[in-house]
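Work through these exercises with the structure open beside you. Try each task before you read its solution.

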Amino acid sequence: MPHVITQACCGDASCVYACPVNCIHPTPDEPDFGISEMLYIDPSTCVDCGACVSACPVGAIVPGHRLPEEAARFADVNAGHYPDPAPTETRFPVRTDWRLPMAPIVKPAALGGATPDELRIAIVGSGPSAMYAADELLKHRQVRVTVYERLPEPFGLVRFGVAPDHLSTKTVTDLFNEIARHPNIQILLNTEIGRDVSLDELRSAHHAVLWAGGAPTDRPLQIPGVDREGVQSATSVVGWYNGHPDFAYAAPDLSAERAVVIGNGNVALDVARIFTADTDRLAPTTIDPTALAALRASNLREVVVVARRGPEHAAFTLPELIGLADGPARVWVDPAELSGVDATNIDDPTVAAKVNLLREISQRSKPAEPFIRLSFGLTPVEILGDGHASGVRFVKTGGDEESVIDAGLVLTAIGYRGRPVPGLPFDDEKGTVANVAGRVVENGEAIPGLYVTGWIKRGPTGFIGTNKTDSGETVANLLADAEAGALPRPGTAPVPA
Ligand code: NAP
């Protein structure tokens, strides 16, 4: 049996480039490259060589014969993309016209500065986009990278955002540690730009500043009652159970029997899974001990994850749904939620597989408490309660039928949002620093020496590995500007008053 890609797939596409027979898709020349929910292997082309296994930073690729039982469904998901295989040679000829995006080689003369062959780059933030950018930059021997990280620990959302029970996803830290061991990089922890060092100071000490600070806040839900006690963002809960120092205050009130999570992206599933997990299973994970103690004392019996649209538009990804359905979690869907949805009319195999799996879950008997219930087609209109939240009033999306779900805890999980960065132009609508392909722009003009990558560049979408391609683009532009002599020499950017 060929190799199979499983739940932890981070999408950084290292395997795509490593595969000698181009059996891993989407490839860079296919439309879904960089945006598909996961990568997948064509079983008829795979030669079982294992090159992808070595290249994958999160151990997501498994030889078919070693596929653990709870991941068995991923073999079907991979194969499901090839229901009617054509002869291999006509479908996927081995391509030679795409390769890992290579940045230009910077010629020392273009750099300027005190040491002519040194290109000094400051990266702000140490999350995935920062580390992938550093990795690209450090391929050039002239580059010296200094990473400025506000928190006492590096690696951003991999440390403080990925759910504590997603241990294989967190193994990408091994790759980041390897990058951090390069002799030409230093990481300064507990160093906040604007508090310990100003942006102007950074600019005057480096040829370029690459802002990779992510999207640190949540999108606010604007309906009456959101300011009641017992209502908080799911992102604050994620920070709390991961021991993020900014969210020590954010312990949710777990005294109620039911919680409602508004929105059904992967963050909503993460929080619902942690809230309903067997705490003995959570104990050996990276969960914060205070959060684990609070969860052990929790009264929650049911967490209802509510989407405003139908199952065919679910924001959670197929690998996460499979992990929920086939792992230790207890999840249920009322069959009535799926009436009128027919997977056979859905062209996208990933969406069809999601709907089929939801139907399979709906046919199981209702699980023991505490469990997760997935609900669809309800738009939230008000958080009810007298001081403290007591429930959410919904209207059927596209209709006028109202319903109330009683709940003493309400979490809004409607996405992250970037925060304006003092000194950089901000696109308020997108919640990103204004940029064109990673070059920070103001009034349509690039500001020399300023770059962005990751969520503050493109918005809060994609997976850990999406940042590899994203940072590759920014770094290629930064190095092209260096090559063109367009970077300010250190010491010539504005000096702070
Ligand atoms: P998300 O995937 O963007 O999902 C947001 C959800 O909120 C959607 O269901 C959306 O519904 C809903 N929503 C938005 N505005 C709403 C409103 N006014 N009222 C009600 N519902 C509303 O956001 P996320 O879950 O925060 O995830 C952010 C990114 O991180 C995603 O790319 C995600 O895949 C990634 N992530 C990945 C993992 C993983 O791979 N395990 C884990 C966590 C996060 P509509 O679709 O109808 O707009």
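**Exercise 1.** Find how the axes of helix 11 and helix 14 cross, and decide how the two helices are oriented.

Step 1. Locate helix 11 at residues 266-276 and helix 14 at residues 318-326. Helices here are DSSP runs of H or I with at least four residues, strands are runs of E with at least two, and both are numbered from the N terminus.

Step 2. The two axes come within 10 Å and cross at roughly 20°. An axis is a line fitted to C-alpha atoms, for helices over the stretch in contact, and angles run from 0 to 180 degrees between N-to-C directions.

Step 3. Helix 11 and helix 14 are therefore roughly parallel. The cut-offs are: under 35 degrees roughly parallel, over 145 roughly antiparallel, 65 to 115 roughly perpendicular, and the rest oblique.

Step 4. The crossing of helix 11 past helix 14 is left-handed. That term applies if the near helix is turned anticlockwise from the far one by less than a right angle; clockwise is right-handed.

Step 5. Helix 11 makes the contact with N266, L269, D270 and R273, and helix 14 with E320, L321 and L324. Contact means heavy atoms within 4.5 Å.

Step 6. Sort these residues by class: three are nonpolar, one is polar and three are charged. Ala, Val, Leu, Ile, Met, Phe, Trp, Tyr, Cys and Pro count as nonpolar, Asp, Glu, Lys and Arg as charged, and the others, Gly among them, as polar.

A note on the model: it is predicted, so local features need pLDDT of at least 70 and side-chain atom pairs count only at pLDDT 80 or more, while totals for chains, interfaces and linings use all residues. Residues are numbered from 1 along each chain as its sequence is written, and side-chain values use heavy atoms, with hydrogens and water left out.

**Exercise 2.** Describe how helix 10 meets helix 11.

Step 1. Helix 10 spans residues 234-241, and its axis comes within 10 Å of that of helix 11. The axes cross at roughly 50°.

Step 2. The pair is therefore oblique. Helix 10 passes helix 11 in a left-handed crossing.

Step 3. On helix 10, look at A234, V237, V238 and Y241; on helix 11, at V267, D270, V271, I274 and F275. This contact has eight nonpolar residues, no polar ones and one charged.

**Exercise 3.** Is the crossing of helix 5 past helix 17 left-handed or right-handed?

Step 1. Helix 5 covers residues 128-137 and helix 17 covers residues 466-483. Their axes come within 8 Å and cross at roughly 50°.

Step 2. Helix 5 and helix 17 are therefore oblique to each other. The crossing is right-handed.

Step 3. The contact has seven nonpolar, four polar and two charged residues.
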